[in-house]
Amino acid sequence: MIALALPAQDSGTFTPPGIDQMHLPAILPWGASDGFSKQMLLVILSVVLIATFFILAARKQQLVPGKLQFAGEMAYGFVRNSIAKDIIGGRDFMKFVPLLFSLFFFILVNNIYGAIPVIQLPSFSHVGGAYVLAAVVYVTWIGIGIKKNGLKYFKLATVPSGVPWYILPIVVPIEIISNFMVRPVTHSLRLFATMMAGHLIVMIAGSGIEFLVMQENVLLKGASVLVLAGSIAMYMLEALIMVLQAYVFTLLTAIYIEGALHADSH
């Protein structure tokens, strides 16, 4: 399906697809140029899907849960216990569970789009969405730090305790750049880069299969089977990375929140 969406090779030289060819045509005819792209539609759809699933899962709330309720409780419990409680701590974690829960499943569904035939577009293969989520997290943990410690938080976050005074002129600028400049950028680019790279690798494999099949040489045609096997392996790896990136983004968010809450004890 990916191969059919790519331009056919007009010569004997393989021309790999570029970033401008990364996505199938937009579902809606007016496209991104008029302000509403396929990516935006999928983001809205993800919210509808997530809300519908968990509303249905929580609708009956039986003592002995059915399959849907059990799945919903397991999903919620994973974020609540394995991320929020384990990282932030048993005293403060509950108030942040809604944020972490929303982030995890929002990112997960929008990443998994890239593994679904016809859709084949992980929403965060566009950097804008990743920047927005990272900005929300950035403002959140800084706000938590200020609320807990006042403006003293900035000193706590940039001046490590126990460091000799004569080393502080070197350490403090590094801490400022690391915590307040590099951290939000890497938080967003990690998600964006892995989604874009994985999607592009699968595209290149699909284009390579098409190129080899069109060759007259029997050996080259046979090599397309090896490329196909490799592309299936890469497809499965990309699907795994889609899940891992949702987990990593949410885990880092919990770590940043925990650091802001307990900056005076670090």
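Let's start with the aromatic cluster. Ring pairs link F53, F54, Y76, F78, F101, F104, F105 and Y247. Keep in mind that this is a predicted model. In total, the structure holds 15 aromatic pairs.

A stacked pair would need planes under 30 degrees apart, and edge-to-face would need over 60. What does the pair tie together? F78 belongs to helix α3, residues 67-88, and Y247 to helix α8, residues 218-261, so the contact joins parts that are 169 residues apart in sequence. Both partners are partly exposed: F78 has a relative accessible area of 32%, and Y247 has 27%.

Now the overall fold. The protein chain has eight helices and zero strands. From the N terminus on, the order reads α-α-α-α-α-α-α-α. The chain has 266 residues, and buried ones make up 39% of them.

Next, the record. UniProt, in an unreviewed entry, places "transmembrane region" at residues 40-58, 96-116, 128-146, 153-172, 192-213 and 225-257. Let me set two of those spans side by side. Residues 192-213 are 100% helix and 0% strand. The end C-alpha atoms of that span are 32 Å apart. Residues 153-172 are 55% helix and 0% strand. There, the end C-alpha atoms lie 14 Å apart. Please look at that second span in the viewer.

W165, Y166, I167, I170 and I174 form it, and it is nonpolar. Together these residues have about 610 Å² of accessible area. Is I170, one of them, buried or exposed? I170 is exposed, because its relative accessible area is 57% and the cut-off for exposed is over 50%. I170 sits in helix α7, which covers residues 168-213.

On to charges. How many salt bridges does the structure hold? One. The side chains of D92 and R91 form it, with N to O at 3.8 Å. D92 is buried, at 14% relative accessible area. R91 counts as exposed, at 71%.

The charged end of R183 sits over the ring of W141. The distance to the ring centre is 4.8 Å.

Last, helix α5, residues 127-149, which holds Y138. Y138 is partly exposed, with a relative accessible area of 23%. Which residue does Y138 approach across the chain? That is P184, 46 residues apart along the chain, with 6.2 Å between the C-alpha atoms.

L133 is in helix α5 too. L133 counts as buried, at 11% relative accessibility. L133 and F249 are 116 residues apart in sequence. In space, C-alpha to C-alpha, they are 9.5 Å apart.

To recap. We have eight helices and zero strands. We have a ring cluster that includes F78 and Y247. We have one salt bridge, between D92 and R91. And we have a nonpolar surface patch that includes I170.

Technical notes:
Residues are numbered from 1 along each chain as its sequence is written. This is a predicted model: local features need pLDDT of at least 70, side-chain atom pairs count only at pLDDT 80 or more; totals for chains, interfaces and linings use all residues. Side-chain values use heavy atoms; hydrogens and water are left out. Rings of Phe, Tyr and Trp (its six-membered ring) pair if their centres lie within 6.5 Å; planes under 30 degrees apart count as stacked, over 60 as edge-to-face and the rest as tilted. Helices (H or I, at least four residues) and strands (E, at least two) are DSSP runs, numbered from the N terminus. Buried means under 20% relative accessible area, exposed over 50%, partly exposed in between (1.4 Å probe, protein chains only). A charge sits over a ring if NZ of Lys or CZ of Arg is within 6 Å of the ring centre and within 35 degrees of the ring normal. UniProt positions are given in the numbering used here, feature names are shortened, and annotations may be inferred rather than shown by experiment. Patches are made of residues with over 30% relative accessible area and no salt bridge: like charges are joined within 9 Å, nonpolar side chains (Val, Leu, Ile, Met, Phe, Trp, Tyr) within 5 Å. Accessible areas come from the Shrake-Rupley method with a 1.4 Å probe; for residues, only the protein chains shown count as cover. A salt bridge is a side-chain nitrogen of Lys or Arg within 4 Å of a carboxyl oxygen of Asp or Glu.
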